[in-house]
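Dear colleague,

I am passing on a structure that you have not worked with before.

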Amino acid sequence: IFVVGFLVVIILFLVESVYLVRLLQALPLVVGSSLGLGTAINGVLYYVGRSYNFLSWTILQFIVVFSSPFTPVDRLSFPLRYVAYLSPYSYPFEYIRSGEWSVYWAGLILSLAGLMGGMIIHSYFYNLARKHGKTVTG
């Protein structure tokens, strides 16, 4: 409860109102990206088994680190810039920093594409796991 209260105080009193509005506007980008990546990783883990469950958080942490949360994407080195532009989490960070709607719409399109791709990947690997008898219901 203390941590939630601490975060609420920081967000309400220490964050400028412009960034707070952008943060709330960026929530659909984060939710869509998270659901897409989560379902894709979950589908792969159905197939490879429970012994690889640690990869679910590890993969997401690498993706977030390469999304450039602390510095603008333009300041990254040339190869990392392409990795950051492919990461769906780069766009919410860039939108909150810049407030440009073109960044928001690009992020929303990538987020929805990632959500659909995640569902396709999940269903493919889940059906593959069922075919090989690797699920509880399979």
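Below are my notes on a helix, a salt bridge and the backbone of a few residues.

Please keep in mind that this is a predicted model, in which local features need pLDDT of at least 70 and side-chain atom pairs count only at pLDDT 80 or more, while totals for chains, interfaces and linings use all residues. Residues are numbered from 1 along each chain as its sequence is written, and side-chain values use heavy atoms, with hydrogens and water left out.

The structure holds 1 salt bridge, a term that stands for a side-chain nitrogen of Lys or Arg within 4 Å of a carboxyl oxygen of Asp or Glu. Its partners are Glu-94 and Arg-97, whose closest N and O atoms are 2.6 Å apart. Both residues belong to helix α6 (residues 90-98), where they sit 3 residues apart, about one turn of the helix; helices here are DSSP runs of H or I with at least four residues, numbered from the N terminus. Glu-94 is buried at a relative accessible area of 15%, whereas Arg-97, at 28%, is partly exposed (buried means under 20% relative accessible area, exposed over 50% and partly exposed in between, with a 1.4 Å probe and protein chains only).

The buried residues of α6 also include Tyr-91, Pro-92 and Ile-96, and what covers the buried residues of this helix includes α2 (17-25), α3 (27-48), α5 and α7 (101-131). Just after α6, Gly-99 takes a positive phi of about 80°.

Ser-68, in the loop between α4 (54-65) and α5 (78-86), has a positive phi of about 60° although it is not a glycine. Most residues other than glycine have a negative phi. Ser-68 also counts as buried, at 5% relative accessibility.

Best regards

Methods: Helix = DSSP H or I, 4+ residues; strand = E, 2+ residues; numbered from the N terminus. Contact = heavy atoms within 4.5 Å.
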